Amino acid sequence: MSRIGVFVCHCGENISATVNCQKVAETASGYEGVVHSVDYKYMCSDPGQTLIKQAIKDKNLTGVVVAACSPRMHEPTFRKACNEGGLNPFMCEMANLREHCSWVHDKGDLTTEKAIDVVRTQVEKVKRNQPLTDIKVPVTKTALVIGGGIAGIQTSLDIANCGHKVILIEKDPSIGGHMSQLSETFPTLDCSQCILTPRMVEVAQHPNITLYTYAELESLDGFIGNFTAKIRKKAKSIDEKLCTGCGLCTTKCPTKKIPSEFNEGLGFRPAVYVPFPQAVPNIPVIDRINCTYYIKGKCKVCEKVCPTKAIVFDQEDEIIEVAVGAIVVATGFGIKQPDFFPEYGYGKYPDVITGMQFERLASASGPTFGEIKRPSDGQVPKKIVFIACAGSRDEAKGIPYCSKICCMYTAKHAMLYQHKVHGGESTVFYMDIRAAGKNYEEFVRRAIEEDTVKYVRGRVSRVYEKNGKLIVKGVDTLLGAMPVEIEADMVVLATAGVANPGAEELAQKLHISYDGYKFFAESHPKLKPIETNTGGIMVAGACQSIRDIPESVSMASGAAVKVACLFSQNELTREPLIAVVNRCAAPLYSTCVGCFLCQSACPYQAIEREEIKDRSGKLIKSIAKVNPGLCQGCGTCVAFCRSRSIDIQGYTHDQVYNEVMALLNEY
Amino acid sequence: MSTDKRLVKKTSLDKLFDSIKQQGKTIFAPKLKNGKVNYEQVERFSDIATDYIQTTQSAKVVAFPRTEKILDYTKSKEGIAVVEIDLQSISEVVIWGVRPCDAAGFLPLSAIFNWDTKDIIYNTRLEKTTLIGFSCNKCDESCFCTSVAGNPGGTEGSDMMLTQLGDNGDYLAEIITEKGKTIVDKNPDLFETAGEIDKQKYLADVPVKFNQTEIKDKLANFFENEIWLQQSLRCIGCGACASVCPTCACFDIQDEEHGKRGSRVRCWDNCGLSIFTLHTSGHNPREYQSQRWRQRILHKFSYMPERLSVYGCSGCGRCSRACPVDMNIIEHLTAIQEA
Amino acid sequence: MSEFEPKVVAFVCNWCTYAGADLTGTSRIKYATNVRIVRFPCTGRIDYMLLMKSFAEGVDGIIVSGCHPNDCHYTSGNFQARRRWIVFRNLCDFMGIDIRRIQFSWVSAAEGAKWADVVNTTVTTIRELGPYTDYKKVANYFEKEVSHG
Amino acid sequence: MDELKKRAKELLETGAVKVVIGYEQGTGNKTRAAFIQKPEEVSRLIFDSRCVLNLAVYLNKPEVKQIGKPAIVAPIPVLRAIIQLASENQFTDDNLLILGITPESKFVEFNKLADVETYLDQHLIEIEARDKEILEKLDKMSVEERWNFWVEELSPCFKCYACRAACPMCYCHRCTVEMNQPQWISVPSHQLGNIEWHFMRAMHLAGRCVDCNACANACPIAIPLNLLTKKTLEEIKVSFGGYKPTLTGGHIMSTFKPNDKENFIR
Amino acid sequence: MVLGIYPGCSLKGSSREYTESVLAVAKAFDIEIKEILDWNCCGATAAHNLSKELALALPARILALAENQGLDEIVVPCAACYSRLSGTQHELNQHPELKSKVVEAIGMEYKGTVGILNIVQMIDKYITPNIESKIVKPFDHKLACYYGCLLVRPKEVLKFDREEDPQSMDTLMSKLGAKPIDWAFKTECCGAGLTMSRTKTVARLSGEIVKDAADRGAEAIIVACPMCHSNLDMRRKEINEYNDQKINIPVLYTTQAIGLAIGLDRESLGLQRHFVKVEI
């Protein structure tokens, strides 16, 4: 039998000015199961709380209703008081007499009646409350970081410096990401590699970081604090332990004319290669698609020249399994590729290049050693046109969003061009200049004012070649939509940043959501921009949305903090207000019939499959099971389950049904 | 009392109806709706269906309604206050157009409701009910009253039995009980004297399909037999058969509660449903449909004759007609007899 | 006889509408006393059978309210709920259940004034519609003695 | 038909299946389910327009499961039910063989559930004109008239649950009406409880009902309760682009589109 | 094989040769072309500037006529008409309430199910598959395929070729043995309806087109739109004045090019009607 205590708070006069608190308490004392009912001036005060604790002891209460302010205000207070009084904290409910009653209604019988009704619903609810205990989930204090760009590097270093183990995987042969390809960075124009490479080396040498390059996530199981990741280490055809990174194989490889990915196709690399001189690790891989040995079955020059016998042609992909407690996804972005801009002739005219290609041309380590030369004939372009928003903010191209970084790097490109080509003429076609960042606007102004870059506000309709020149047809909207035609030597497209081609597949492996553009979705756009909907998985950098370097780095550090918070406990403690699938005696075991339609309804992938087997191991039935580590307690599955086999603790069918009954009937 | 025989003119039937109606009685009679004929409260004689073999549901609803309130209660800290239903409030009912098998069904039903405790509510309802039977001049492949000791002109259970003498003919009225006589007494003009009439030749010819005594004997040692599984494979375990059966008497007691007030209600239950025997522990002694099918047959043809000396079947064939998967009771009983 | 006072139940989510209603309180915006609020974690948790039971137990009007699309605390509970309501409402209407008596709304934690408005307009609508006697008649089977065949 | 019988015989002879679930002649003009377990009994199998019982309902029956792997004679509604059930994890390719029957009563065997799914693309659910007319008639009524119509129609229901038993989609081991803590739906049959039961049944079938009419055919007192599921089917078509059973991709009512259209939320 | 045709005003007037060549080519490939009876104006550029409903009702009536006359598929050789008809069908299928309004206005049953083909689609579907065996004289010329503005736009409605740098005509011409040139004016504006009111503007716009084609060595310009044809062909005098250069490259319809390749009589293709003499 329930023994409920009702405590009606006056809240000074906040409640009692309009509600007859005494009458509320008196009426409540008449309800079946209510053994104690009082009103008091300030329930949340020390004496008020003592009143509750004392009553729990004296009257041996099994449940408490505090009729006071909003539970969003003081529920934790009173649950704590109950706990201290010796009652399970979840046996306490609040009736909202202040925000939902006294403050919104005038003094009168109707207001008091409403207060009585509200108290009664909570009495009937609390009678059906179950003592609950917080959920404890163990934590494996190793983080998996996916992607070795600047975000992945930063987050790995931060987590590792907190004293936690990190496994960093990178799909390419070297870490460094897009940042390693950049020439100089806005708005300071410091050399990208100069600031990045020390961090890359730090990663390689950090005792807490295990680095797997040329590796990708194969699959992921488990949940927050307890993931099991399978990692595919693609065969490099090199024994990493034996290789000293001397580079002999790469210089002797007879297949030398493979377009270099690192140089965006503007230079060449051999079939056994290190993507760039500062690569970490400094260990080559054999590109099996282009290697003569793999194509024709003979060559093996690299094997012959390797002083440490590190070449292993028959090496196979290796799958390793690691246990991790948290994951940071930092897989970066992709760049919209040719065919996308037939009107700009990208792919057709060699001197129409992307911004990233320009980075390589401008980079001291690039194919031209930093000299701006046309890819077609190696001439220095006298006139250059930069087209901003090449694809971005263009619904017709399917990319309505702003790629965010292009305004800045275009200004930088124009500036670099002006610095490198004296007397050169550069024009930037733009829609708007979006330079919201510390020193960003100043940087753009410098390009325009000091470096005399010509900014034309208008779009380019077409680029075509005529007599060895690239004719750029555009419009100057600031001069009354005047058509502009420029005979340029080179055109640079500030191509839209897009999600990585493999983003969707990866998201499905990780069970995280993604938006219509395949960027990974954050849990909340304002308040949880780093977490995903799947507990324990964070996002950092441009895989969530296009980001520049400082943003990526801050986000990466933010993700590291989230991971460190998680790892600061030995066990995760979570409120037990989560869904549970009922279990009952044989032969039913559960009323769940295993249709698993709840799985598609759950926003958190918290519903798993549980197999019930007899003693001989024969499957009796498969039923749903809620993973307490993942469930956030929204209850969507509950309302969806036809057989009502899932219920949500704290808002069970029995509780809410009787709340409604209590509202509408006399007791 | 010995059966008094009278003649009612076909053209007087409506007058008889109106007269009963005027006496303030509620009349239930077969009525056509959605292509099915069922007992409904009927206000006008012309609403009564004429062309039908048998109503979908049985007449038992009058004495044993599908849902009836037994008592009201109010809870308080002091205890529970109970108000039982007022038997006086039960109204006088006439069922018009009861078939012999339906009327005969009240015998096993009454046997169940009186075998230990006398069920006052049931008995009161039955007492306040007058059954005006119409014997059958037609039958269909589901009819088998003659196999269970009934016949298409059987008077058992009825208070008055009307038999139409040929198509468009007048009616022979057999006055069977005092209640029947009361009707005659109230309408002496409508009941003419009848000569010597052999009603047999006006009745339907219902062939005998099996021998129920033989089946009863057989069932005594038939509990473990594979026939139950074979026969019930296509049974989907609904309660259609029990709901339409004139002799099925299983009921459930439910409290319908609204805050401190509530009502205790008696309502039909169905042994065909798996939940019927489900224990709170989760154990179900009749876990499979075959066991529930066995129970249905054994109950009607073995347990009831043994314990109550009356067979639980009047041969109306409603279960076969209502069954969505064609569980034909004649076929199954014949198979048992032949097994 | 005193004027008809509609009984209205509101099923709301904890994160947006319940908080919004709290804000109505802190802003001291007055609204009709007829409404009683039942709190749920999310609109996705709200069971349509509760709406049916409310009518059966005698309410005259119902408010169901949660976070605006894209603002759900649980990201998609309100989207799931919206689908359910589309079908639910259609079926109600088809069965002759008066859907004018069910008001669905999105009220965010910042929309204290909107909450007061939703309550007041709903109460006014229901007051004009009068008590839901059609449903009450069917629900009140106490008054009927038996259900015959 | 001969082809079907031949194949059924073969399957039983080779032991590929233990039972063939099909239709046979029943009492009078009725047809009924047949469970053929011996090759020589395949001659009992029939198929014609009277065979409307949805045989998929037997696939979840424990006694039938105990016989062993079944082959099932499956006209379109049964095929639809099979796919929906498979999507609800009730069986896989391994434990079922499908002897399909085209709308022209031709035999077509399916090797995989996925083939059935593809086949059904050509046979999308279309509500019959006759039923559409009734739905339209009801739509034109006032709310009060519709309410009275349904009170009238549903009041006689005595809750035999034949509709539930005949429905392949109602396979829950414990139906919500059998839950009693809380008791969502009154056990006794009365107007309110009946309305609640049929309402809930229609909601539970929303996005799952394959429109086989088994429920209405099963009702001993001919309540047109399939109108409710038909109405939800129509609404799903209007609001979410229609329902077709699919093996993957979630369920209409457990998925959503952020731009689902409605005009009733303030 | 029966195909409906909606000619529109141009094909009955200034562009008779287009009609002639379409019919001649169709005949050569055993396609029966049935003109929609009682057709009306498609609304062209004027209607949608006045009233949205009118602009939808005019094409809808044409489509309804086609439906009611039992035509499942129609070819619309004029690019502007094609754009209007396709746009209307798309819009009405998307908006049922608009549809019912328009149906009421035209007073005819309208389902919106007729297949609408532009000339290139029609050729692709019914002619290209059988063309190889019919070619008697490969059309071995350098050609500038000119698409104009309406043939491929708007993409979301037509879902045909890519808007910028379209390729379908180029592919088609290659099949005839021609060498389409890569040039910059495929979809540039020809000046369209300004040909009457602002002839100078048209001369400049069309002039750039013709000049680029000529500069890149094209021997002919291939078009799929009567308006484009008029401007590039009929306005050649003004064009040449603008360019201050005499450019004689002819302008041919796709169907005329096909006709020549399969050896049809030049007269039956209406080549004699061009202002710029066709000498290839």
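This is a predicted model: local features need pLDDT of at least 70, side-chain atom pairs count only at pLDDT 80 or more; totals for chains, interfaces and linings use all residues.
Author: Residues are numbered from 1 along each chain as its sequence is written, and chains are lettered from A and ligands numbered from 1 in the order in which they are written.

Reader: What makes a set of residues a nonpolar core?

Author: A nonpolar core is a set of buried Ala, Val, Leu, Ile, Met, Phe, Trp, Tyr and Cys residues joined through C-beta atoms within 7 Å. Buried means that 20 or more other C-beta atoms lie within 10 Å of the residue's own; exposed means 12 or fewer, partly exposed in between, with C-beta atoms placed from the backbone. The largest core here has 542 residues, and Ala67(A) and Val491(A) touch the most other members. Helix H4 (residues 52-68) of chain E gives the most to this core, with ten residues. Helices (H or I, at least four residues) and strands (E, at least two) are DSSP runs, numbered from the N terminus.

Reader: Which residues is Val491(A) in contact with, leaving aside its neighbours within four places in sequence?

Author: Contact means C-beta atoms, placed from the backbone, within 7 Å. Beyond those neighbours, the contacts of Val491(A) include Tyr344(A), Val385(A) and Leu470(A).

Reader: What makes E11(A) and E12(A) a pair of strands?

Author: Two strands pair if DSSP finds at least two bridges between them. Strand E11 (residues 215-223) and strand E12 (residues 226-233) of chain A have eight bridges, in the antiparallel sense, so they pair by this rule. In their hairpin, two residues lie between the strands, and Gly225(A) takes a positive phi near 85°. Gly222(A) stands opposite Phe227(A) in E12(A).

Reader: How many bridges join E12(A) to strand E17 of chain A?

Author: Seven, and the two strands run antiparallel. Phe227(A) stands opposite Val324(A) in E17(A).

Reader: Which chains have the most contacts between them?

Author: Chains A and C, among the seven pairs of chains that touch. On this interface, 34 residues of chain C are in contact with 34 residues of chain A. H1(C) gives the most to chain C's side, with six residues. That side divides into 14 nonpolar, eleven polar and nine charged residues. Here Ala, Val, Leu, Ile, Met, Phe, Trp, Tyr, Cys and Pro count as nonpolar, Asp, Glu, Lys and Arg as charged, and the others, Gly among them, as polar.

Reader: How far apart are the nearest C-alpha atoms of chain C and chain E?

Author: They are 19 Å apart, and the two chains do not touch.
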